Amino acid sequence: MSQKHWLMKAEPDSRIVKGKDVKFSVDDFEAVKTTPWEGVRNAEARNLMKEMHVGDKVLFYHSNCKNPGITAFAEVSKEAYPDYTAWDSTHPYYDAKTDKANPKWYMVDVTFVSRAKHLVPLSLLRTIASSTDVPEEVSYIGEEGAKAIKGMALVTRGRLSVQRVEGEAWKVIEQLAERGGWDEGGPSKQKTKAKAKSSARGRKKATPKRDDEEQKEEEPEGSEGPRDGVAVAAKSAQTGSRKRTAEEADVV
DNA sequence: GCCAACGTTGGC
DNA sequence: GCCAACGTTGGC
């Protein structure tokens, strides 16, 4: 398998951008199952999406929230195609500088696969990355595993919203998500509050919307509508990019 | 094409 | 809500 691995960020908390809520949590994701990863407005993140193939595996990451970390596993279900939200002036990530004849921004479709049994917090990954010895509570990942974590873009360059993940690191994340072992009630914690959110009025976000108006049946409230989740990605998307690196930037 | 100013991401 | 890191923009 030439299958590759990736990590994509989304924001689980409500945040209104241009009148629309860009929230897209793991609950939203699980509810819609498949979503266009709209809104990425960063060249490097966009280039990485263009490299994706159907079946590639994706780590779903909660960003800009109380307990940032990996919350689910997903996979690419449609290869890169133009991100039509760039031409929608009402969209939070409208880009007036692009035109349909020459698409600048692209997105892929991503499909939910499963939840991480244990949310794998960024704080844990950082701890592993900064420790000379493998933290005892996750000793099962071994030194090699710890080494793989140290090389993750998530740890070495936080701001990229779409990142490549090496096979070794993927395996370690799987182990961590499956076995846990650290104090999940710690600094931020996440565990228990799991459900309840998505149900909140069923907002899903990005469904199959196309630019006309999608089907958002409910929600009369107007602007801050529920869906659009992926925008998150978008936002963060603009972050990362290359500056000094170029290491993974070779993407182009 | 360098670099300072500015804007944004996103952890804490 | 603060602010550090870092990407982007634009003057020169």
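Two strands are taken as paired if DSSP finds at least two bridges between them. The exercises below apply this criterion to a predicted model.

**Exercise 1.** Determine the strand order of the open sheet and identify its edge strands.

*Solution.* Step 1: the open sheet consists of six strands, arranged as β4-β7-β6-β5-β1-β8 with mixed pairing. Step 2: a strand that pairs on one side only is an edge strand, and this holds for β4 (34–36) and β8 (162–165). Step 3: from one strand to the next, the twist averages 35°.

**Exercise 2.** Characterise the pairing of β4 with β7.

*Solution.* Step 1: strand β7 covers residues 106–121, and its pairing with β4 is antiparallel. Step 2: three bridges join β4 and β7, where the criterion asks for at least two. Step 3: within this pairing, Thr 35 lies opposite Val 110 of β7.

**Exercise 3.** Which strands do helices α2 and α3 touch, and what angle does each make with β7?

*Solution.* Step 1: helix α2 (residues 43–51) packs on the sheet and touches β1 (5–10), β6 (69–82), β7 and β8. Its direction makes about 95° with that of β7. Step 2: helix α3 (residues 122–130) also packs on the sheet, touching β6 and β7. The angle between the directions of α3 and β7 is about 75°.

Methods
Residues are numbered from 1 along each chain as its sequence is written. Chains are lettered from A and ligands numbered from 1 in the order in which they are written. This is a predicted model: local features need pLDDT of at least 70, side-chain atom pairs count only at pLDDT 80 or more; totals for chains, interfaces and linings use all residues. Helices (H or I, at least four residues) and strands (E, at least two) are DSSP runs, numbered from the N terminus. Axes are lines fitted to C-alpha atoms, for helices over the stretch in contact, and angles run from 0 to 180 degrees between N-to-C directions. Two residues are in contact if their C-beta atoms, placed from the backbone, lie within 7 Å.
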